[in-house]
Amino acid sequence: MGKNRTPYLLLLPGFGFLFTFFILPIINLAQTSTQTRVSGGDTGQYEQTLRFANYVDAFVDNKEQFGRSFLYAIIATVLALAIAYPLAYAIAFKSGKYKNLLLVLVVAPFFTSFLLRTIAWKQILGEEGFLVPTLRSLGIISQSTTLTSTSFAVVMGMTYNFLPFMTLPLYASIDRIDPRTLEASGDLYANGLTTFRRVTLPLSMPGVVAGTLLTFIPAAGDYVNAAILGNPNTKMLGNVIESRYFKIVDYPTAAALSFTLMAAILILVTLYIRKAGTEELV
Amino acid sequence: MTQKLKDATIPTIPIGARIQRWIGRNLIRIYAIFAFTYLFIPVAYTFAFSFNDSGKSNLIWKGFTLGNWQNPCGAPEVCSALGNSIKIGFLATFFATILGTMIAFAIGRHKFRGRSTSNLLIFLPMATPEIVMGASLLSLFLVFKINPGFWPTVIAHIVFCISFVVVTVKARIASLDPRLEQAAMDLYANEFETFRRVTLPLVAPGIAGAALLAFSLSFDDFIITNFNSGTLTTFPKFIYVSAARGIPAQANVIGSAMFFLALTLVIVGQLVNRRKVR
């Protein structure tokens with residue numbers, strides 16, 4: 001008897017909390033997304049009208065930002081994967097006794113507020129920084145090229161900020177690979193590339209999936225990098241949602257956009273997991 | 001035999017080829033150094049500019065000073081913002097760790113109906129973009145006429161911390177050797193004693209790790225906080241708001257100090273752990 005009840009008693013407080021402050025708000029957000037403005041009412045007064053056209057309006061008005069959110073997030077995820085994979089591999093197989101220290105170093109930048117680091121990038125890439133004048137005098141970039149306030153800066157900032165989220169799961173799954181499987185592959189006359197493609201990569205797939213999700217999901221909803229490192233033409237969906245909430249007080253549109261973003265992310269993620277074929281995620 | 005020895009010792013590899021071979025062998029290590037440089041450039045920049053004699057706006061290098069470190073609360077609001085972040089961080093960590101650990105034990109230790117649904121409910125907050133979570137919680141508070149501020153922010157932080165606590169503690173529970181608990185039972189410990197004297201001490205490092213993770217997530221959160229904190233200023237919010245007119249160097253001092261403090265804590269923790277393992 002007690003045996004059957006224990007798990008539910010353990011779950012009750014936490015799930016009660018999550019239901020009240022995570023599920024209910026999402027349901028409420030769905031409701032808000034179909035409201036319309038009270039005619040003649042004050043700013044921020046809305047009534048429930050089940051107007052699903054809100055979604056169409058919201059999407060049509062912001063399809064550029066929508067596309068940009070996913071484009072930037074995908075590029076940042078791919079870049080982060082490309083940077084993090086060799087790094088995770090080096091830590092797992094080539095670091096010897098420094099393994100733990102290097103792992104700490106991967107997480108260490110986290111301890112300086114990510115906003116401070118993003119602003120640091122803005123200043124490093126900015127006109128007053130040393131990088132731009134140096135690159136100009138070397139002729140690598142033209143005199144009129146700027147690095148900050150560009151889509152390049154936004155994507156670079158996102159890649160940078162989410163890099164540890166990519167590196168840690170990659171490391172966890174590469175570290176689990178038995179080095180003898182790689183030796184065996186070599187013994188069977190596979191060259192380095194083949195060994196990587198046929199042995200290392202497939203075995204590290206759970207880490208690749210977890211890392212790309214942990215990078216892609218926050219990147220797609222991010223607006224801080226675009227706000228600090230971008231310009232009005234690099235605005236992402238997050239920036240629109242934020243300004244709809246705080247500046248325009250247009251809750252229904254903000255809610256509809258939030259929902260569309262979440263749905264799009266969930267669909268993409270589901271397709272991706274199917275394709276990548278890993279069940280073990282959490 | 002002598003012929004073989006000669007072959008092994010004599011070959012003189014040209015210096016260029018030797019450098020090439022060395023690079024080939026150490027390519028991935030060289031790469032790792034570059035990657036770490038990339039990771040640490042902004043940290044180093046933040047640290048360097050904490051010594052800038054900059055006045056209000058810390059944009060251009062104006063000269064070296066220790067003044068910012070001697071007077072970290074010198075800029076208006078920066079320390080009250082930091083205080084708020086620490087308070088919110090502790091409260092959110094405390095509740096999220098308790099709630100999350102209970103869930104982790106339920107899922108990790110029991111087979112029951114609805115287990116996969118529970119796993120889904122834990123995964124969902126992690127798969128929800130922060131902005132959606134923050135916005136939806138704000139609209140709930142608005143419906144119930146609750147003003148955004150300190151407690152709404154704490155609640156919001158607990159929501160996003162719980163899942164990370166569950167995942168971390170669950171991983172630790174899964175790695176336990178079940179024979180240890182069986183041994184305790186064999187030695188006539190009852191279920192509660194076994195839990196208190198064997199299971200809990202073994203899971204404790206996982207719980208501590210989860211709490212540390214929860215605190216750092218809460219401390220550094222901006223997006224969800226921005227939606228639910230109203231007029232309350234946290235440290236990240238302070239930075240975001242002052243970014244437009246220039247961040248005081250004191251913010252760099254606090255950011256750098258947090259960095260060294262956390263790094264020291266983690267390294268000491270690892271050394272203690274290593275000694276224990278030995």
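## A first look at chains A and B

Of the 9 residues in helix α8 (residues 179-187) of chain A, the number buried is 0, so this helix lies largely in the open. A residue is called buried if 20 or more other C-beta atoms lie within 10 Å of its own, exposed if 12 or fewer do, and partly exposed in between, with C-beta atoms placed from the backbone. Helices (H or I, at least four residues) and strands (E, at least two) are DSSP runs, numbered from the N terminus.

This is a predicted model, in which local features need pLDDT of at least 70 and side-chain atom pairs count only at pLDDT 80 or more, while totals for chains, interfaces and linings use all residues. Residues are numbered from 1 along each chain as its sequence is written, and chains are lettered from A and ligands numbered from 1 in the order in which they are written.

Let us stay with chain A for a moment. Just after α8(A) comes Tyr189(A), with a positive phi of about 65 degrees. Tyr189(A) sits in the loop between α8 and α9 (192-203) of chain A, and it counts as exposed because it has 7 C-beta neighbours inside 10 Å.

How confident is the predictor in chain A? The mean pLDDT of chain A is 86, and 95% of its residues score at least 70; pLDDT is the predictor's confidence in each residue, from 0 to 100. Confidence in chain A is lowest in strand β2 (residues 46-48), with a mean of 78, and highest in α3(A), at 93.

Here are some overall values for the chains.

| Property | Value |
|---|---|
| Elements of chain A | 13 helices and 2 strands |
| Elements of chain B | 12 helices and 0 strands |
| C-alpha span of chain A, principal axes | about 80 × 75 × 35 Å |
| C-alpha box of chain B, principal axes | roughly 90 × 70 × 35 Å |
| Buried share of chain A | 44% of 282 residues |
| Buried share of chain B | 41% of 278 residues |

The radius of gyration of chain B, taken over C-alpha atoms, is 26 Å. That is well over the 19 Å that the globule rule gives for 278 residues, so chain B is more spread out than a compact globule. The globule rule is 2.2 Å times the number of residues to the power 0.38. A domain assignment, automatic or from a database, divides chain B into domain 1 (2-69) and domain 2 (76-247). The C-alpha centres of these domains of chain B are 37 Å apart.

Contacts tell us how parts of a chain come together. Two residues are in contact if their C-beta atoms, placed from the backbone, lie within 7 Å. Among contacts in chain B between residues at least 6 apart in sequence, 76% join residues at least 24 apart. In chain A, residues 24 or more positions apart account for 70% of the contacts with a separation of 6 or more.

Now for the meeting of the chains. Here 67 residues of chain B are in contact with 65 residues of chain A. On the side of chain B that touches chain A, α2(B) gives the largest share, with 13 residues. That side divides into 51 nonpolar, 13 polar and 3 charged residues. In this count, Ala, Val, Leu, Ile, Met, Phe, Trp, Tyr, Cys and Pro are nonpolar, Asp, Glu, Lys and Arg are charged, and the others, Gly among them, are polar.

Which residues have the most contacts inside the largest nonpolar core? They are Ala84(A), Ala88(A), Ile103(B), Val159(B) and Ala214(B), in a core of 144 residues. Such a core is a set of buried Ala, Val, Leu, Ile, Met, Phe, Trp, Tyr and Cys residues joined through C-beta atoms within 7 Å. Helix α3 (residues 63-94) of chain A gives the most to this core, with 15 residues. Domain 1 (2-69) and domain 2 (76-247) of chain B both give residues to this core, so it lies between them.

Leaving aside residues up to four places away in sequence, Val159(B) touches Leu18(A), Phe21(A), Phe22(A), Pro125(B) and Met133(B). Pro125(B) is in helix α5 of chain B and counts as buried because it has 21 C-beta neighbours inside 10 Å. Although Pro125(B) and Val159(B) are 34 residues apart along the chain, their C-alpha atoms are separated by 7.7 Å. With the residues up to four places away again left out, Pro125(B) touches Phe22(A), Met133(B), Val159(B), Phe160(B) and Ser163(B).
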